[in-house]
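Here is a short report for a first look at this structure.

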Amino acid sequence: MRQYNPSKRILVTGGAGFLGSHLCDRLLAQGHDVLCVDNFFTGTKRNIEHVLMHPQFELMRHDVTFPLYVEVDEIFNLACPASPIHYQHDPVQTTKTSVHGAINMLGLAKRVRAKILQASTSEVYGDPEIHPQVEQYWGRVNPIGIRSCYDEGKRCAETLFFDYYRQHKLRIKVARIFNTYGPRMHTNDGRVVSNFIVQALRGQDITIYGDGNQTRSFCYVDDLVEAMLRLMATGDDFPGPVNIGNPGEFSMLELANKVIELTGSRSKLVRMPLPADDPKQRRPDISLAQERLGGWTPETQLDEGLTKTIAYFDQLLSGAKPS
């Protein structure tokens, strides 16, 4: 007998951003009513224009540092600039978005008895002393550095979520998201994948910071969204935190050469000094996610994901509307 799965009213903060817009697409495809909230600091209407007329989609311009009064069943709290260029542009506002935003969304969830998921980050681990990173690791973070507004803001948000969980019995989920890429990334967000692709497509030199041997793990956006949906569907006895990312590890030099190969670019590599507090290694241990999220594992290989992302940026830079 087919199980009845009624639609829910779901709030996605930061819903017009890179990750949020893909999440909105999946939720609509599942038949839910989606309220997308964004202040458009880094989000853009271009990311959601294809669903603006969808009968179950609603867009609200709002900053989560201010309270929000709506009636919803679930909340995905994604609102926060996530790239160094954007979160360092106004570091005080970044901290406010993480901390005040968490307080406001947790308050809303408490009032309407909604389940709430926090999009945390691998940056809570800082420049890690263990590799790969497991959820039990407390991190090695500079509390007064130029990246601290994001790193410590997200760490404080996790604290708030777990205090609401313990003190108010709130149903929470905390996802620690590792590097994610795909269509709808911002062209000038300073993230390594978008940087390399845009520079290659424009025939510019590709910027390598430091010696290029620092590593990252790259998860394609579709795989990431699938994990978030599975996490939200887990029982109330599993609040997280849980690492979500792709354990495949690549150096910056490997990534740059792969992008040059896939774009057919003649770009050269140029070296620049390594930014302050830039982690040397970053790779998730996803054993917990595989165990608790129904055997979830990233399916998109780097070549496939980069090819789709390159096609998006190629259309965007040519002035065509990305498909």
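## A strand pair and its sheet

Strand E4 (residues 74–77) pairs with strand E5 (residues 115–121) in the parallel sense, over 4 bridges. Strands count as paired if DSSP finds at least two bridges between them. Asn77 stands opposite Gln118 in E5. Helices (H or I, at least four residues) and strands (E, at least two) are DSSP runs, numbered from the N terminus.

The model is predicted: local features need pLDDT of at least 70, side-chain atom pairs count only at pLDDT 80 or more, and totals for chains, interfaces and linings use all residues. Residues are numbered from 1 along each chain as its sequence is written, and side-chain values use heavy atoms, leaving out hydrogens and water.

The open sheet has 7 strands, in the order E3-E2-E1-E4-E5-E6-E11, with parallel pairing. Strand E3 (57–61) and strand E11 (242–244) are the edges, each pairing on one side only.

## Helices on the sheet

Helix H1 (residues 18–29) lies across E1, E2, E3, E4 and E6. H1 runs at about 170 degrees to E1. Angles run from 0 to 180 degrees between N-to-C directions, with axes fitted to C-alpha atoms, for helices over the stretch in contact. Helix H3 (residues 91–112) touches E1, E4 and E5, where contact means heavy atoms within 4.5 Å.

## The cores

A nonpolar core joins buried Ala, Val, Leu, Ile, Met, Phe, Trp, Tyr and Cys residues through side-chain atoms within 4.5 Å; buried means under 20% relative accessible area (1.4 Å probe, protein chains only). The largest has 61 residues, and Phe76 is among those touching the most other members. Helix H6 (residues 221–232) gives the most, with 8 residues.

Key:
Buried means under 20% relative accessible area, exposed over 50%, partly exposed in between (1.4 Å probe, protein chains only).
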